[in-house]
Amino acid sequence: MLEIKNLSFAPEGDKQILKNISLTIPDGKLVVLTGPNGGGKTTLAKMIAGINMPTSGSLILDGVDITDKDPTERAKLGIGYAFQQPVRFKGFTVRDILNLANGKPLTEDQLDEVLLKVGLEPKAYKDRDVDTKLSGGEIKRIEIAGVLLRKSKLTVFDEPEAGIDLWSFNSLISVFEELRETREVTLVIISHQERILSIADEIMLIQDGRLGMKGPREIMYPLICGDGCESCPAMEEGDCYGRDN
Amino acid sequence: MEEIIRDQQAAGTAAESSVANAAADMAAKIFGGEAQPNAMAQAARVLKGAPEEAPAEQPAEPAKPVFEETPVDVDSVTAKLLETVANFNGTGFCGAFNIRSNGKSLGRQSTEHIHIDTKTDNPGLDIHIAPGTRGEEVYIPACVTKAGYDDLVYNDFFVGKDADVVIVAGCGIHTETGEPARHNGIHRFFLEEGARVLYVEKHVGTGAKGPKKVIDPQTECFLKDGAYLEMDTSQLGGVSSSVRKTRATLDGKSTLVIKERLLTDDDETAETFFEVELNGEGSSVNLMSRSVARGNSHQAYQSNIIGNTICYGHSECDAILAENGRVDAAPKLSANSEDAQLIHEAAIGKIAGEQIMKLRTLGLTEEEAEAAIINGFLK
């Protein structure tokens, strides 16, 4: 379980990006962080991975304070991170980067399997360079393959749908569903995509650097993607998952 | 023979061993890369508007000749250098070879198709590769292990029509005392029609840090119609100073590919000059230089691709800076024909922070991430 307590982030000389956010990511759940552009979602995701460090507040992973731990330590503690815009490397092949993600060299069968899982033909890709010659969709799939190999207990995906085609997107959804069903992993996905929201266990709305609404998909999805409060089942029970909840 | 080598290795100092291991590690990190099929002749054809050539029927590939190993008796330091620059297995070489150490030949062998002869006008060798020779390798490494020695050698390679061979050269310098040592290898390549050569040249310096270890290779290449020369050169570290000059003249539809990998550290300097003249219709050159400048080292890269006809030239110079390393790059393109298509790409900079961060999210430390990026870049 990841507990985020009173987290704030204000880069020096810049406006405050995160404002006293507190939330809990339960184990084994698929949690989607959504909200308007510029609301602080990616910053929050990077805080979880240790790429950005908070100005104040704390992060507790399974009872251990990880607030001051760097990205390497957090990776070793089981936090994975898939970049919104995957990084390209001159001289690294797909095989190289996936071997690094795996922590040891993959067998040919393992390499083929993970590439097929993200919809890439192994023969055509495993020895290609991870450089600018790969399209946005191709490199995104390789990024996802790396995350699958990491076998992290908590993985943050920053807008996994960005830059990929519909077919890739559908297979990505299958990957998330399979991950949730076959492994006891926690997935935190930053997304605006209705389809991703529809498979969430919990949805949290981040806007203007604050945690707005949060709740189970059954409540949140209609509010965000449906007819607002009119379609919210909580209304019938006199409950509300709005900002003040 | 194996016992002699083992005894000599056992007698080597711990310092020698550690330096040799470092060199071997460096070599393992940097070595690699195989000849790749070249698409530039096709690009030139497209540029010219010529119809696509139907693929010629390929004759059955003859079996690669197998040669018995010929023993070579060398000391442990030379053995380690040879291992680094010429894949020496510690006992001997197969096929055609000449081992040069401190200006003398420690062993030589010709084969039926490859003749290695001593030059009569200068120190060095004439290597004649018969037309149609296929699948053979020639090893021509040189070592300097004597402090104060200034080695100068002229090697000429005459590669017959339709031959297809691999030439492994390279130089290792090892000095322990304060005196400098130098190797100046002047190589000329004459490729006849349709000849194909993969030329692998590795340079390394080992031993005490103080003395200057200088390697100044000069290469001239003359390619006739349909010839293909791929030069895979790498400087593996420990060379105090190097000045590399490469000139090539391409006739007909010939192709030159140069892959240079360079790593400098401490106060080392490395200068590279390439000049390629494209005279043949459909000729092409691809220059790729990747380098890392660390410590207080300095590198200078200059290239000039001269297109005199319908031709294709591409040069790519990428450098990573670390610590106080400095790199100058001055690529030049000279188009003397409106049909010449010449391209240059260059990028110099430190390792991108996002690359380090990506690898850290995979569990690597900052130092491990930087090393992995540099190793991958120079691979």
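Visitor: What percentage of the 379 residues of chain B count as buried?
Guide: This is a predicted model, and the value is computed from its coordinates. A residue is counted as buried when its relative accessible area is under 20%. Applied to the 379 residues of chain B, that cut-off gives 52%.

Visitor: How many helices and strands does chain B have, and what share of its contacts with a separation of 6 or more comes from residues 24 or more positions apart?
Guide: Chain B has six helices and 24 strands. Among its contacts with a separation of 6 or more, the share from residues 24 or more positions apart is 81%.

Visitor: What average pLDDT does chain A have, and over which residues is it below 50?
Guide: Chain A averages a pLDDT of 87, and 92% of its residues score at least 70. One stretch of chain A is below 50, and beyond near neighbours in sequence it has ten contacts in the model. Where pLDDT is low, the predicted coordinates should not be read in detail. The stretch in question is residues 240–245.

Visitor: How much area is buried between chain A and chain B, and which three residues of chain A supply more than any other three?
Guide: The contact involves 22 residues of chain A and 19 residues of chain B. The buried area is about 1800 Å², with 62% of it given by carbon and sulfur atoms. Of the area that chain A buries against chain B, 28% is supplied by A:T72, A:F89 and A:K90.

Visitor: Which residue of chain B forms a salt bridge with A:K90?
Guide: The rule finds five salt bridges across the interface of chain A and chain B. For a salt bridge, the nitrogen must be within 4 Å of the carboxyl oxygen. In the pair with A:K90 the closest N and O atoms are 3.6 Å apart, and the partner is B:E316.

Visitor: On the side of chain A that touches chain B, how many residues are nonpolar, polar and charged?
Guide: Between the two chains, eight residue pairs are in polar contact. Elements of chain A that each supply at least two residues of this side include α2 (71–76), β6 (79–82), α3 (94–102) and α6 (136–150). By class, the residues of this side are twelve nonpolar, three polar and seven charged.

Visitor: Which element of chain B is included in what covers the buried residues of α3(A)?
Guide: The buried residues of α3(A) are A:V94, A:I97, A:L98, A:N99 and A:A101. Their cover includes α4 (108–117), α5 (122–125) and α6 of chain A. From chain B it includes α5 (353–360).

Visitor: Is B:G210 buried or exposed?
Guide: B:G210 lies in the loop between β13 (196–207) and β14 (213–215) of chain B. Exposed requires over 50% relative accessible area. B:G210 has 66%, so this glycine is exposed.

Terms used
Residues are numbered from 1 along each chain as its sequence is written. Chains are lettered from A and ligands numbered from 1 in the order in which they are written. This is a predicted model: local features need pLDDT of at least 70, side-chain atom pairs count only at pLDDT 80 or more; totals for chains, interfaces and linings use all residues. Side-chain values use heavy atoms; hydrogens and water are left out. pLDDT is the predictor's confidence in each residue, from 0 to 100. Contact means heavy atoms within 4.5 Å. Buried area is the accessible area (1.4 Å probe) that two parts lose on being put together, summed over both. A salt bridge is a side-chain nitrogen of Lys or Arg within 4 Å of a carboxyl oxygen of Asp or Glu. A polar contact is a pair of N or O atoms within 3.5 Å; within protein, one must be able to donate a hydrogen and the other to accept it, and residues adjacent in sequence count only if both atoms are side-chain atoms. Helices (H or I, at least four residues) and strands (E, at least two) are DSSP runs, numbered from the N terminus. Ala, Val, Leu, Ile, Met, Phe, Trp, Tyr, Cys and Pro count as nonpolar, Asp, Glu, Lys and Arg as charged, and the others, Gly among them, as polar. Buried means under 20% relative accessible area, exposed over 50%, partly exposed in between (1.4 Å probe, protein chains only).
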